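Please keep the sequence and the structure in view while reading.

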Amino acid sequence: MSAQARLRILKWVLRVAGLIMLFGWLPLSLLWPSGWGWYLQTDHLYFEVLLGVYATLGVFLIWAASDPLAHRSLIWFTAWSSLVHGGVMTWQALRDPSHFGHFWGDVPALLVLAVLIFVLMPKHGWDLS
């Protein structure tokens, strides 16, 4: 696949991920709390903070989709932080049965997003041949 084609797909990945982060996380958490919600029964304040952080990231990913090469650091941050977040939550899900739903909910979403960015993002801004 050409670098131009990967960049075109990356733009769509960023838009879809941004929209899910901005508008989808709350409905997913309410519909499937064990797979998408964080501590909804015990510490809703933590959950609200994460919703705010992800909604903000969603806005910036939508913005970054217009010119991914100009927003490389944000996109790489998204990939690496999604990988780390998914890894930590995998560890938590395997250690604590009450979090196992995340293993089938937001963990795969975070890891898929990270892998898509790693595969689609040009490694060098000038490498678009």
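**Overall make-up**

The model is predicted, and its chain holds 5 helices and 0 strands, so that, read from the N terminus, the order of elements is α-α-α-α-α. Of the 129 residues in the chain, 40% count as buried.

Two packed helices are described by the angle between their axes and the distance between the axes.

| Pair | Angle | Axis distance |
|---|---|---|
| H1 and H3 | about 160° | 6 Å |
| H1 and H5 | about 155° | 10 Å |
| H4 and H5 | roughly 145° | within 8 Å |

H1 and H3 pack at about 160° and are therefore roughly antiparallel to each other, with H1 passing H3 in a left-handed crossing. On the H1 side, the residues that meet H3 include Leu14, Ala17, Gly18, Met21, Leu22 and Trp25, whereas those of H3 include Phe47, Leu51, Tyr54, Ala55, Gly58 and Ile62. By class, the residues of this contact divide into 16 nonpolar, 3 polar and 1 charged.

Helix H1, which spans residues 3-31, also packs against helix H5, residues 106-120, and these two helices are likewise described as roughly antiparallel to each other. Here too H1 makes a left-handed crossing, in this case with H5. The contact is made by Arg6, Leu7, Ile9, Leu10, Val13, Leu14, Ala17, Met21 and Trp25 of H1, together with Asp106, Leu110, Leu113, Leu116, Ile117, Val119 and Leu120 of H5. The contact of H1 with H5 has 14 nonpolar, no polar and 2 charged residues.

The axes of H4 and H5 cross at roughly 145°, and this crossing is left-handed. Among the H4 residues in the contact are Ile75, Trp76, Thr78, Ala79, Leu83, Gly86 and Gly87, and H5 contributes residues including Val107, Leu110, Ala114, Ile117 and Phe118. The contact of H4 with H5 comprises 13 nonpolar, 6 polar and 1 charged residues.

In soluble globular proteins, nonpolar side chains tend to be buried together. In this model, the largest nonpolar core has 26 residues, of which Leu10, Leu14, Met21, Trp25, Tyr54 and Ile117 touch the most other members. At least two residues of this core are supplied by each of H1, helix H3 (44-64), helix H4 (72-95) and H5.

Which residues does Ile117 contact, leaving aside its neighbours within four places in sequence? With those neighbours set aside, Ile117 is in contact with Leu10, Leu14, Ile75, Trp76, Thr78 and Ala79. Leu10 and Leu14 belong to the H1 side of the contact with H5, while Ile75, Trp76, Thr78 and Ala79 belong to the H4 side of the contact with H5.

Thr56 has its place in helix H3. With a relative accessible area of 43%, Thr56 is partly exposed, because that value falls between the 20% cut-off for buried and the 50% cut-off for exposed. The C-alpha atoms of Thr56 and Met21 are separated by 8.1 Å, although these residues are 35 residues apart along the chain.

Technical notes: Residues are numbered from 1 along each chain as its sequence is written. This is a predicted model: local features need pLDDT of at least 70, side-chain atom pairs count only at pLDDT 80 or more; totals for chains, interfaces and linings use all residues. Side-chain values use heavy atoms; hydrogens and water are left out. Axes are lines fitted to C-alpha atoms, for helices over the stretch in contact, and angles run from 0 to 180 degrees between N-to-C directions. Helices (H or I, at least four residues) and strands (E, at least two) are DSSP runs, numbered from the N terminus. Angles under 35 degrees count as roughly parallel, over 145 as roughly antiparallel, 65 to 115 as roughly perpendicular and the rest as oblique. A crossing is left-handed if the near helix is turned anticlockwise from the far one by less than a right angle, and right-handed if clockwise. Contact means heavy atoms within 4.5 Å. Ala, Val, Leu, Ile, Met, Phe, Trp, Tyr, Cys and Pro count as nonpolar, Asp, Glu, Lys and Arg as charged, and the others, Gly among them, as polar. A nonpolar core is a set of buried Ala, Val, Leu, Ile, Met, Phe, Trp, Tyr and Cys residues joined through side-chain atoms within 4.5 Å. Buried means under 20% relative accessible area, exposed over 50%, partly exposed in between (1.4 Å probe, protein chains only).
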